[in-house]
Amino acid sequence: MFENLGDRLQNVIHKVKGYGKITEENISEMMREIRLALLEADVNYKVVKEFTNTVKEKALGEEVQSSINPGDLFVKIVHDELTELLGGENVPLNIKGNPAILMLVGLQGSGKTTTIGKLSNFLRKKHSKKPLLVACDIYRPAAIEQLIQIGKQLNIEVYSEGKKDPVEISRNAVKYAKENGFDYVLIDTAGRLHIDEALMDELDNIKNEVKPEEILLVIDSMMGQDAINVITGFNDKLPLTGVILTKLDGDTRGGVALSVRHITNVPIKFIGISEKLDGLDTFDPERMAGRILGMGDIVSLVEKATEAIDEKEAERTAKRMQQGKFDLEDFLSTMKQMKKLGPLENLIKLIPGAKKMGLNDIKIDPKQMAHIEAIVLSMTPKERRNPDIIKASRKTRIAKGSGTSVQEVNRLLQQFDQMKKMMKQMSNGNFKMPF
């Protein structure tokens, strides 16, 4: 997400860091490059003009009275203005109702039904409370069945009355939720191919009936600037409380995210980061600005680790590392924990300075990870605890059992041996970085 824009902005910043002083001439040149980068990322041209004018004015104004390095000053100004453009600060969900009612709206094809599943999963994990999904899209073929299937995958209950009146369904669903101790009611409303009066009237009637705490518009970020018209169209008829941008993990230029809040004043509350049902993340303007400028997002990285990794297991593994007792059983356990965090290449991008270290272009083949896991699982518990006993005949058996080659088994054992040596050095305080 935002990779092309990030690359362009980071190149500009790298040039500025080479200047001894910020002047009218060199800052004008930099702002031309930033303007082009933002326009190519499909950011609204009025937003681009305001942004570049503000950055230029602040850079020239602050340089006169500041002893800070020009490059660092410029990075701070661009980061602060990007943060402001993206909304300034994170706007949390209003989930104070009992139950809290969240209504998701959007056009067909925006990913609304999948997103409501992701959001229910997010709320359950984040707050350890009980969500109810409500099937009110009675028009799109198989929409109700799709939501029921998502509910089954997540083990979250779906309330459905088939093709009845959506207003009546939503009213009955809220009553059912109150009677059965649900904390959240998430209503999946009908979409249309375009905004029309019938759609808006139905949504308005549902809103008046159940009085939701949140009305969230799901928008496909691949729409580009057309998304602004959709948001404005919905917001004119419904009091939108937030936007969820889907498909930001795809081949998108990201301009919508940089234009939405500034033009419509509707905050982005969530972004879709993968197709999986845990692929939803809160939108934090400051963190996103940091990612775009290559500063990483260590807070998000820690949050993901905290959510996915078993703390006691992690402590046990850390102790065994310190004691030099780390074996292939521990390695297998660590791999399983890491898999819960999602694709490793996505995590690597959150590390500050990842691009400078050449880590952003790393591609980790899931098949390769699966091969490693298969090799370790093909070993006996004794072999996993004592890799030194794995000689030729054992290697042949392990290779056959895992569907790999003896060479791959050898490679894994060599890499594991190197890793153990490095851990030992680190625990003794003798480890030196190889650069």
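Predicted model: local features only at pLDDT ≥ 70, side-chain atom pairs only at ≥ 80, totals over all residues.

Student: Is Ala173 buried or exposed?

Tutor: Look at relative accessible area, where buried means under 20%. Ala173 has a value of 0%, so Ala173 is buried.

Student: Which residues is Ala173 in contact with, leaving aside neighbours within four places in sequence?

Tutor: With those set aside, Ala173 touches Leu132, Val134 and Tyr159. Take Tyr159: 14 residues separate it from Ala173 in sequence, and the C-alpha to C-alpha distance is 6.4 Å.

Student: Okay, now helix pairs. How do helix 8 and helix 9 cross?

Tutor: The general idea is that two packed helices are described by the angle between their axes and the distance between the axes. Here, the axes of helix 8 (residues 197-210) and helix 9 (residues 226-237) cross at roughly 50 degrees and come within 10 Å. That angle is why helix 8 counts as oblique to helix 9. The crossing is right-handed.

Student: Which residues make the contact?

Tutor: Helix 8 brings Glu197, Leu199, Met200, Leu203 and Asp204, while helix 9 brings Gly233, Phe234 and Lys237. By type, the contact residues split into four nonpolar, three charged and one polar.

Student: And zooming out, how many helices and strands are there in the protein chain?

Tutor: The chain has 19 helices and eight strands. Of its 435 residues, 46% are buried. As for contacts between residues at least 6 apart in sequence, 73% join residues at least 24 apart.

Methods:
Residues numbered from 1 in each chain as written. Heavy atoms only, no water. Helix = DSSP H or I, 4+ residues; strand = E, 2+ residues; numbered from the N terminus. Buried < 20%, exposed > 50% of the residue type's maximum accessible area, 1.4 Å probe, protein only. Contact = heavy atoms within 4.5 Å. Axes fitted to C-alpha atoms, helices over the stretch in contact; angles between N-to-C directions. Parallel < 35°, antiparallel > 145°, perpendicular 65-115°, else oblique. Left-handed = near helix turned anticlockwise from the far one by under 90°. Nonpolar A, V, L, I, M, F, W, Y, C, P; charged D, E, K, R; others polar.
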